[in-house]
Amino acid sequence: MLVSSIVRNTLGIKSHVVKNVEQNESGIEVKLDIRKRRRLPCGTCGELGRVRDRLSIRRWKHVPLWGIPVTLNYAPARVRCAKCGMIRVEEIPWSQGKCRLSVGLIWSLAAWCKLLSWNEVARLFNVHWNTVAAAVRQAVTYGLEHREIGNVLYIGIDELSRKKGHVYVTNIYDLNERRLLWSGEGRTQDTLKEFFKEHEEAIKSVKAVCCDMWQPYIDMVKKYLPDATLVFDKFHITQHLMQAVDEVRRDEVSELKKTNPELLKRTRYIWLKNPENLTDKQRSRLGHLEKLNLRCNRAYLLKESFREFWNYKRKGWAAKFLKKWFWWATHSRLKPLRDFAWMLRRHEENILTYFDERISNGIVEGLNNKAKIMSRRCYGFRSAKNYITALYHCMGKLPEPELVHRFL
Ligand SMILES: [Zn+2]
């Protein structure tokens, strides 16, 4: 029968046969059995052994066929394993541990989860949300067990927030490989400590670390990687500067509320965007605003001049520029900018290291956007643990097994 040969081929079974395929109201039921007089591999060591007896029938949910649910039925054999010296359950080719999903289904669901939310995948396959979660968990477990970390040279530490900044996750990236190495709940010293303890070997080769100016991270990096260069992330620094500019705008807007409420309306992005990215309309508006003696404009000019900092080739020149810029900002009579300048001053040493090791977490920005899209779907994850699983799944570049047949 065609269906049974499709099942046989896509499962890639050699020592097993499809005994029977039938359809009832719950879908397609596939009954599998052992090919006669076959010796089967031991589930622990892989050595071939003679079948001793059979366990009771187990069921696996398999990839649906034309929207019809498919279930595999099979009574696993126990074999006498000479190598292990005892009786073991056979290695079942379509099964992974105690999971009730076939290997094909696990990897199909997991593959879809890189494209859609878990809810959507559950609906698409007509399975429970928990089944999807279990599949991704299996895929990630497999991937983490089989991945090779090797020698990590540059790491980036970044935080993500879920639920409007109430739940934090710390992500650690291998900047060269552009992949997520580790993810953990929280953003405290303990969070990072967990990573450093878990990957003691891999981090021995780390030359530089890029992160935000966040004290718990700084403390832990200095403790566990005393010889690595600590570089504060360019993108985070820019973000802080943007926030300062925006604060100036907001203050000025509220001051102008009574006298000229229209003047700064919808100008937020005009001040924040790089001028080369402005639309024609925004550019002409900026041209107009620049002529007025606005505090916004002063903040804007400071922001624009700071961009030059990153272009220096030599550390010494960059340091000189920073000194000059510090003076401008602290004499600008703009408190947010002054605060920002003082923050730079406090962290100057590890900002200037950028000119020794030009690393930034911008490399993983693409990945981060992915993560942000995912956190927008976080209501679907129900817990930080699931969220972390999803992060590994989408950004970990985790290895997958060679499958006989890819259903997707
Ligand atoms: Zn064995």
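**Figure 1. Helices α3 and α4 cross in this predicted model.** The axes of helix α3 (residues 118-125) and helix α4 (residues 129-146) come within 8 Å and cross at roughly 115°. Axes are lines fitted to C-alpha atoms, for helices over the stretch in contact, and angles run from 0 to 180 degrees between N-to-C directions. The two helices α3 and α4 are therefore roughly perpendicular to each other; angles of 65 to 115 degrees count as roughly perpendicular, under 35 as roughly parallel, over 145 as roughly antiparallel, and the rest as oblique. The crossing of α3 and α4 is right-handed, a crossing being right-handed if the near helix is turned clockwise from the far one by less than a right angle, and left-handed if anticlockwise. On the α3 side the contact is made by Trp118, Asn119, Val121 and Ala122, and on the α4 side by Trp129, Val132 and Ala133. Two residues are in contact if their C-beta atoms, placed from the backbone, lie within 7 Å. By class, this contact of α3 with α4 has 6 nonpolar residues, 1 polar residue and no charged ones. Ala, Val, Leu, Ile, Met, Phe, Trp, Tyr, Cys and Pro count as nonpolar, Asp, Glu, Lys and Arg as charged, and the others, Gly among them, as polar.

Residues are numbered from 1 along each chain as its sequence is written. Because the model is predicted, local features need pLDDT of at least 70 and side-chain atom pairs count only at pLDDT 80 or more, while totals for chains, interfaces and linings use all residues. Helices (H or I, at least four residues) and strands (E, at least two) are DSSP runs, numbered from the N terminus.

**Figure 2. Helices α5 and α6 pass each other.** Their axes come within 8 Å, and the crossing is at roughly 30°. Helices α5 and α6 are therefore roughly parallel to each other. In passing α6, α5 makes a right-handed crossing. Gln189, Leu192, Lys193 and Phe196 of α5 meet Pro216, Tyr217, Asp219, Met220 and Tyr224 of α6 in this contact. The residues of the contact divide into 6 nonpolar, 1 polar and 2 charged.

**Figure 3. Helix α6 has buried residues that pack against its surroundings.** In helix α6 (residues 215-224), the buried residues are Tyr217, Ile218, Met220 and Val221. A residue is buried if 20 or more other C-beta atoms lie within 10 Å of its own, exposed if 12 or fewer, and partly exposed in between, with C-beta atoms placed from the backbone. The packing partners of these buried residues are β9 (154-162), α5 (189-198), β12 (208-211) and β13 (229-232).

**Figure 4. Strand β9 pairs with β12 and with β10.** Two strands pair if DSSP finds at least two bridges between them. Strands β9 and β12 run parallel and are joined by 3 bridges, with Ile155 opposite Val209 in β12. Strands β9 and β10 run antiparallel and are joined by 8 bridges. Here Ile157 stands opposite Ile172 in β10.

**Figure 5. Leu175 lies in a loop between two strands.** The loop runs between β10 (167-174) and β11 (179-185). Leu175 counts as buried because 21 C-beta neighbours are inside 10 Å. Leaving aside neighbours within four places in sequence, Leu175 is in contact with Tyr154, Ile155, Gly156, Cys210, Ile359, Ile363 and Val364. Ser360 is 185 residues away from Leu175 along the chain, and their C-alpha atoms are separated by 8.4 Å.

**Figure 6. An open sheet of 4 strands has mixed pairing.** The strand order is β1-β2-β6-β5. Strands β1 (16-24) and β5 (58-65) are at the edges, and each pairs on one side only. On average, neighbouring strands of this sheet are turned by 25° against each other, direction ignored. Helix α1 (residues 2-11) packs on the sheet and touches β1 and β2; the direction of α1 makes about 130° with that of β1. Strand β2 (residues 27-34) pairs with strand β6 (residues 68-74) in the parallel sense over 4 bridges. Val70 in β6 is the bridge partner of Ile28.

**Figure 7. Another open sheet of 4 strands has antiparallel pairing.** The order of its strands is β3-β4-β7-β8. Its edge strands, β3 (40-41) and β8, each pair on one side only. Strand β7 (residues 77-81) and strand β8 (residues 86-89) pair in the antiparallel sense over 4 bridges, and Cys81 stands opposite Met86 in β8. The hairpin of β7 and β8 has 4 residues between the strands, and Gly85 takes a positive phi near 70° there.
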